[in-house]
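Please keep the structure in view while reading.

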Amino acid sequence: MVSGGQLLSKIATNEGHGENSPYFDGWKAYDRNPFHPTDNPDGVIQMGLAENQLSFDLIRDWIKQNPEASICTVDGVHKFKDTANFQDYHGLPEFRKAIAKFMGMVRGGRVTFDPDRVVMGGGATGANELIMFCLADHGDAFLVPTPYYPAFDRDLTWRTGVQIIPVDSCSSNKFQVTKNALEAAYDRAQGAGINVKGLIIANPSNPLGTVLERETLKDLVSFINERNIHLVVDEIYAATIFSSSSFISVAEIIEEMDCNRNLIHIVYSLSKDMGLPGFRVGIVYSYNDEVVRCGRKMSSFGLVSSQTQYLLARMLSDEEFVKNFLAESSRRLNKRHSMFTKGLEQVRINCLKGNAGLYVWMDLHHLLKEPTFDGEMTLWRVIIDQVRLNVSPGCSFHCKEPGWFRVCFANMDDQTVEAALKRIRAFVCKGKEDHQEMPTKNKQRWQRNLRLSFSARRFEEGVKSPHVMSPHSPIPHSPLVRAK
Ligand SMILES: Cc1ncc(COP(=O)(O)O)c(C=O)c1O
């Protein structure tokens, strides 16, 4: 039999998809045994999915009240033909206008966006790849502060051939990116003969749930400006701010300082802020005319369906609805965040203090058998197998310190959060009891248990297909799952 490697391209057969990571591995565990409050109460609870499901009712109500916005309804069918025929890669003018206005509202009305600079992409996934294609050649590099969104490894590099240069951060300064770390990473790359084309960062951060301070943003802009390299800011979580300081967009910063705007680009999406990842609405907003021009041509590969554009143009230009949605969504996220973090505090689990995102960055280093990434993986497997929670280990975000985990809290209802907290409490208390009651020779029993379950799991993994799922894979219907 001819191997796939000989029949297919290098891209098709390399590991660049980046899915060979515990981040995606955890999804499989959930997929095999998904939690359901009545049908499967012992199943795995999905806490590895950064989805905003807390305000769906508001969108559903709007859709019911505006049936003409959906062209496949009696009220909207008169628009069916025009909308179904529309395929211009500029996008519907009213869609670009509504998106630009929405982006301004999300940023508190402190900045405005030009609809003519709005370029479509297939979600932020497509938008991030598109901007890489516009800015860098195969072999060029982008600096990416760690810990970073695991799928950047796929989105920025797989098909483009661009490399990621990680910029390390540490817990002692709350994982904030510093100018020193940027300079060190840049200089190292230059020394190795790598052509660094820019810096990309998510603000608010995934996985930290924090926002960049004004001064940090200014440092980033001056850093890239001095070196004449690009700055891409992925602002996909812009409207998930739920407490204290407000979000500052790079769009505001460049109003305040002198810089070459041709180097500044924003990536946006409605996947998190509106909770619509299935609509695949991604945006590249560039201040560089050339990038807008070539990005638009490239967007042919990832256009947003005209039906979706039409619906969203109607919804997002309803100012009253948007105002209410943004305020209510933020209020609900705040409530959920505080419910979850308070529950963790009761068992002395701390999280990095954050005010944004759909997750917390949880510190479990005190539960590690050993302060290494092996120790982190061991604990992670126990959490998946025994506590039956799919959380994501810090190593999958390229975090440099073992013991951190990202836990999502907005993709489930209150009862499921309670069930998760109950399991965490039981796990932590059991661990403590075991530890205290242990005779000396069994002192490490709890830790040994962790190790044992790790080995068992490894064996199980070994006999399974190495195939792993993507957040964009139709997981429940995959042949792998059906075969099982
Ligand atoms: C920082 C970041 N960028 C991009 C994406 C991809 O988003 P989309 O669903 O719009 O492709 C995600 C999704 O989790 C993300 O966290």
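Two strands are said to pair if DSSP finds at least two bridges between them. In this predicted model, strands S6 and S7 (residues 264–269) meet that requirement, pairing in the parallel sense over 4 bridges. The protein chain holds 18 helices and 13 strands, and buried residues account for 44% of its 484 residues.

**Strand S6 and its parallel neighbours**

- Strands of a sheet pair through backbone hydrogen bonds, either parallel or antiparallel.
- Strand S5 (residues 196–202) runs parallel to S6, and 5 bridges join the two.
- Within this pairing, Leu 199 has Leu 231 of S6 as its bridge partner.
- S5, helix H10 (residues 214–227) and S6 together form a β-α-β unit that is right-handed.

**Burial of S6**

- In a regular strand the side chains alternate between the two faces of the sheet.
- In S6, His 230, Val 232 and Asp 234 point one way, while Leu 231 and Val 233 point the other way.
- Are the residues on these two sides of S6 buried or exposed? All of them are buried.
- A residue counts as buried if 20 or more other C-beta atoms lie within 10 Å of its own.
- Because 5 of the 5 residues of S6 (residues 230–234) are buried, the strand is largely enclosed by the rest of the structure.

**An antiparallel sheet**

- A separate description applies to an open sheet of 4 strands, which has the order S9-S10-S13-S12 and antiparallel pairing.
- Its edge strands are S9 (350–351) and S12 (392–393), each of which pairs on one side only.
- S9 and strand S10 (residues 359–363) run antiparallel and are joined by 2 bridges.
- Cys 351 stands opposite Met 362 in S10.

- Helix H3 (residues 22–32) is largely enclosed by the rest of the structure, because 9 of its 11 residues are buried.
- The buried residues of H3 include Phe 24, Gly 26 and Trp 27, and the charged side of the list includes Asp 25 and Lys 28.
- The cover over the buried residues of H3 includes strand S1 (45–46), helix H15, strand S11 (389–390) and S12.
- Arg 381 belongs to H15 (residues 373–387).
- Why is Arg 381 classed as buried? It has 24 other C-beta atoms within 10 Å, and the cut-off for a buried residue is 20 or more.
- Arg 381 and Gly 26 are 355 residues apart along the chain, and their C-alpha atoms are separated by 8.9 Å.

**Contacts along the chain**

- Among contacts between residues at least 6 apart in sequence, 73% join residues at least 24 apart.

Notes: Residues numbered from 1 in each chain as written. Predicted model: local features only at pLDDT ≥ 70, side-chain atom pairs only at ≥ 80, totals over all residues. Buried ≥ 20, exposed ≤ 12 C-beta atoms within 10 Å, placed from the backbone. Right-handed = clockwise from strand over helix to strand, strands pointing away. Contact = placed C-beta atoms within 7 Å.
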